[in-house]
Amino acid sequence: PDEATVVCPAIAGTNLPLLAVEICWGDGQPVNFNVPYPQRGAVFLMGGRTLTRDAAVPVDRCGGLRLVVIDPAGSGRYDLDGELIGTRFGFRSRLPPLQDGRLDLSLHAWQDRLSALLASQGDLDAGIRVAVTLNQQRLAQVLVMLFDATIVPGAQRDRVYVQTDSPDRLDSGWQERLALSALPLWDPSRSARQLECCPDEPFCWILPEDLDPGPWWVIGRERDWVRFRPLLWPVAAVDESGLGVESPLAEAICEPDKGVRQQHLSEVVAVLGSNPDGPDWPRLFAYIDLTREFSPSALHILRELPGHPRTLAMALLRAGDDAFERVWSLAEGLPFLWWLIPVEDWLAASADYLATVQDALGDADADGELVVAVLDGFRNRAQSRHQAFNPLCDWLQEHLVPWKPLGHSLLRAIRAQPALLNNLVAGTEGELQARHGPGETWPIGAEILDRAKTMSFSQFRFGDRSEPF
């Protein structure tokens with residue numbers, strides 16, 4: 001039979017035209033119709049601009065990152081794969097079916113997952129290769145990182161430069177949008193020093209000549225967005241007396257030797273856990289305030305906290321209404337969970353903190369009601385964020401303020417009817433499994449597989465009580 005081969009050139013972009021087809025034979029009337037353009041592919045878009053392969057995307061801008069998949073046949077099963085570079089950690093998510101041969105969605109739903117994966121490394125340069133795949137074939141991919149540009153020192157000792165793998169990203173008018181400043185890391189509550197642009201070079205700034213001795217963070221912002229990876233800028237002291245620091249935490253931060261500094265930071269953090277009135281608490285909360293703009297894993301002092309659960313508990317107890325959310329959010333960027341802190345640490349931290357409050361109040365709180373109010377304030381803030389703090393706070397109340405009887409209490413109800421606990425566990429397991437669909441697999445990360453070799457699952461079914469990450 002007669003046949004014809006139609007060659008359709010590849011078209012860049014996502015707005016593919018319809019392919020007009022005309023069939024003619026003999027003396028008959030031609031037949032005209034349109035068919036979808038026979039091209040399958042995927043692209044990532046940011047601000048309407050198509051990103052090149054392995055283009056860097058800041059994780060806090062993933063809400064504006066869009067994925068467009070085009071497949072006229074519409075029969076493929078597409079996945080979104082994430083791979084933490086240099087590790088075996090990652091994820092795979094099945095993408096929704098295409099509608100009329102097209103899928104257009106935002107990656108905002110994956111932003112928290114990507115942030116947590118980056119935070120697990122404690123490395124400001126960590127990256128996740130995110131790709132859309134069909135039958136293991138990568139159609140498009142980008143590199144998600146904490147920052148998509150960096151600040152680097154120049155050849156002249158007082159100059160720094162903004163460096164990016166795609167200079168045109170900054171567009172025109174960058175002088176009005178970009179601002180660099182230097183923050184003293186040993187005293188983050190101090191105002192940052194603004195840097196001036198170099199008059200003779202683009203993307204260049206001059207550091208002040210009168211910076212105090214100690215470690216500084218050079219921070220770059222595009223308007224109110226901390227876009228650039230901070231640069232550590234140490235200023236040497238003429239002699240040891242030139243550092244002028246007066247707190248153990250500040251001294252540890254200023255220690256130039258990395259190993260010694262880490263040891264001192266660990267010691268300082270441990271001491272704070274048993275000293276609610278420690279002079280370095282305001283300084284620690286100043287570092288926590290920096291997490292409004294930076295990942296907690298960017299600061300060595302905050303990365304020490306998961307190893308000292310009693311200090312974490314003390315920090316949450318000390319946090320008032322204004323700071324509570326920021327302290328609570330540390331768990332989103334550091335490897336710990338608030339409700340997995342041992343109850344012994346909660347009890348020790350709470351006892352020390354309430355004793356300090358009681359000493360400060362003295363005779364003004366002879367009946368202990370103000371101390372009870374402090375514990376109730378913590379209870380209200382914590383319970384609203386996780387139900388595990390309901391029985392925990394009841395248990396703390398029994399031990400620390402026994403003169404106030406428990407009212408309606410889940411802890412008392414479970415003690416009276418132990419079977420209630422099994423019912424709660426069964427209900428929670430059902431809710432957990434409802435979050436997962438068919439085809440999900442147990443995580444294959446190296447750490448999980450190593451732990452699984454030594455764990456016994458004889459008392460419960462592997463898939464029922466274990467949550468895929």
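Me: Which residues in H10 and H12 meet?

Reply: This is a predicted model. From H10 come Val343, Trp346, Leu347, Ser350, Ala351 and Leu354. They meet Phe389, Leu392, Trp395, Leu396, His399 and Leu400 in H12. These residues divide into 10 nonpolar, 2 polar and no charged.

Me: Why are H7 and H10 called oblique to each other?

Reply: The axes of H7 (residues 309-318) and H10 (residues 343-361) cross at roughly 45 degrees. Roughly parallel needs an angle under 35 degrees, and roughly perpendicular starts at 65. H7 and H10 are therefore oblique. Their axes come within 8 Å. This crossing is right-handed.

Me: Which residues make the contact of H7 with H10?

Reply: On H7, Pro309, Arg310, Ala313, Met314, Leu316, Leu317 and Arg318. On H10, Asp345, Trp346, Ala348, Ala349, Ser350, Asp352 and Tyr353. They divide into 9 nonpolar, 1 polar and 4 charged. Arg and Asp count as charged, and Arg310, Arg318, Asp345 and Asp352 are in that list.

Me: How many helices and strands does the protein have?

Reply: 15 helices and 20 strands. Of its 469 residues, 41% are buried, meaning under 20% relative accessible area.

Conventions
Residues numbered from 1 in each chain as written. Predicted model: local features only at pLDDT ≥ 70, side-chain atom pairs only at ≥ 80, totals over all residues. Heavy atoms only, no water. Helix = DSSP H or I, 4+ residues; strand = E, 2+ residues; numbered from the N terminus. Buried < 20%, exposed > 50% of the residue type's maximum accessible area, 1.4 Å probe, protein only. Axes fitted to C-alpha atoms, helices over the stretch in contact; angles between N-to-C directions. Parallel < 35°, antiparallel > 145°, perpendicular 65-115°, else oblique. Left-handed = near helix turned anticlockwise from the far one by under 90°. Contact = heavy atoms within 4.5 Å.
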